[in-house]
Amino acid sequence: MLFLLLFPSTTVQAQDLTDLDLEEIVIPIRVHILRSAESSHLNCECTKEEIVEWFDRANTIWRSAAIRWELESLVYEEANNPAEFDRILELGRDADPADRRSVVHSTYPLDQKLAPGWNIFFINRMAFGGGVYNPETKSVLIGKFRPGGDINPSILAHELGHSLGLRHLREQYNLMAGRQEGIEPKDKIRLNPEQITRARTIAESGDSFGGSL
Ligand SMILES: [Zn+2]
C-alpha cells in the first residue's frame with residue numbers, strides 16, 4: 001500500500017506522454033448547467049470557475065493521449081421532468097434500470113446542443129454513480145455531488161472517455177475500468193495505446209461517439 005502512495009499519478013502520465021510524442025488535439029466542449037426550482041437534485045449551483053477547475057484536472061488525465069478539453073461556451077438551462085427525477089432518486093437501487101435510464105436522460109434539453117460536437121450537462125446530484133454518457137443523445141450528464149462525495153475529475157474524465165468511444169475494460173488503474181477493490185476512482189487514470197488511438201480517431205472526427213458502448 002505504501003508503495004502505491006509513493007508514486008503519484010503524475011509520474012505515470014508524464015512517462016506515457018513522452019513515449020508517444022503525439023500532436024495535441026483540442027476538443028471544444030459546450031457545458032450546460034441545469035437549473036430547477038422544483039428539484040434541488042437537478043438544480044446545479046456550479047460556477048464557471050469550478051467547471052474550469054474540473055476540466056483542468058480532467059485534462060491532466062487526458063494529457064497522456066495528447067487530448068485537451070476546452071470550454072467553448074457555458075449555457076444555463078431549465079431541467080425537464082424534475083418530479084420524475086426526484087422519484088427515481090428516492091427509489092435508489094430499487095429503481096427499474098430501464099425506467100431510471102429513460103428518466104435520467106429526459107432531464108436535459110437538447111435544443112442548445114453543440115452539434116456536431118461535445119456536450120456536458122451538469123446537475124447537482126446524479127441518480128446513480130457520478131456521471132453517465134448516452135451515445136444516443138451524444139451527451140454526458142454529471143452530478144456536482146455523487147453518493148459518497150463531491151465531483152471527482154476522474155469520473156468526468158471517464159465519461160469523456162465514453163464520448164470518445166471507449167468501453168469499460170478490466171485493467172488496473174485504467175481510466176475506463178469499473179469498480180476495483182482497493183483502488184480509489186481518483187487513481188484510475190491510465191489509458192493504454194489502443195484506447196489512445198481510438199479516442200484520437202473519434203476526437204479528430206469532430207463529433208461525440210454515437211455507436212454502441
Ligand atoms: Zn463508464
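Two residues are in contact if their C-beta atoms, placed from the backbone, lie within 7 Å. The structure is a predicted model, in which local features need pLDDT of at least 70 and side-chain atom pairs count only at pLDDT 80 or more, while totals for chains, interfaces and linings use all residues. Residues are numbered from 1 along each chain as its sequence is written.

**Exercise 1.** Describe the contacts and burial of the protein chain.

*Solution.* Step 1: of the contacts in the protein chain with a separation of 6 or more, 65% are between residues 24 or more positions apart. Step 2: a residue is buried if 20 or more other C-beta atoms lie within 10 Å of its own, exposed if 12 or fewer, and partly exposed in between. Buried residues form 36% of the 213 residues in the protein chain.

**Exercise 2.** State how many helices and strands the protein chain has, and give their order.

*Solution.* Step 1: helices (H or I, at least four residues) and strands (E, at least two) are DSSP runs, numbered from the N terminus. Step 2: the protein chain has 7 helices and 6 strands. Step 3: from the N terminus, their order is α-α-β-α-β-α-α-β-β-β-β-α-α.

**Exercise 3.** Characterise the packing of H3 with H6.

*Solution.* Step 1: axes are lines fitted to C-alpha atoms, for helices over the stretch in contact, and angles run from 0 to 180 degrees between N-to-C directions. Step 2: helix H3 (residues 48–62) packs against helix H6 (residues 153–163) at an angle of about 65°, and their axes are 8 Å apart. Step 3: H3 contributes Trp54, Arg57, Ala58, Ile61 and Trp62 to the contact, and H6 contributes Pro153, Ser154, Leu156, Ala157 and Leu160.

**Exercise 4.** Locate asparagine 81 and lysine 138, and describe the phi of each.

*Solution.* Step 1: asparagine 81 lies in the loop between strand E2 (67–78) and H4, and its phi is near 50°, a positive value in a residue other than glycine. Asparagine 81 counts as buried because it has 20 C-beta neighbours inside 10 Å. Step 2: lysine 138 is placed in the loop between strand E4 (131–134) and strand E5 (139–146); the phi of lysine 138 is near 50°, also positive in a non-glycine residue.
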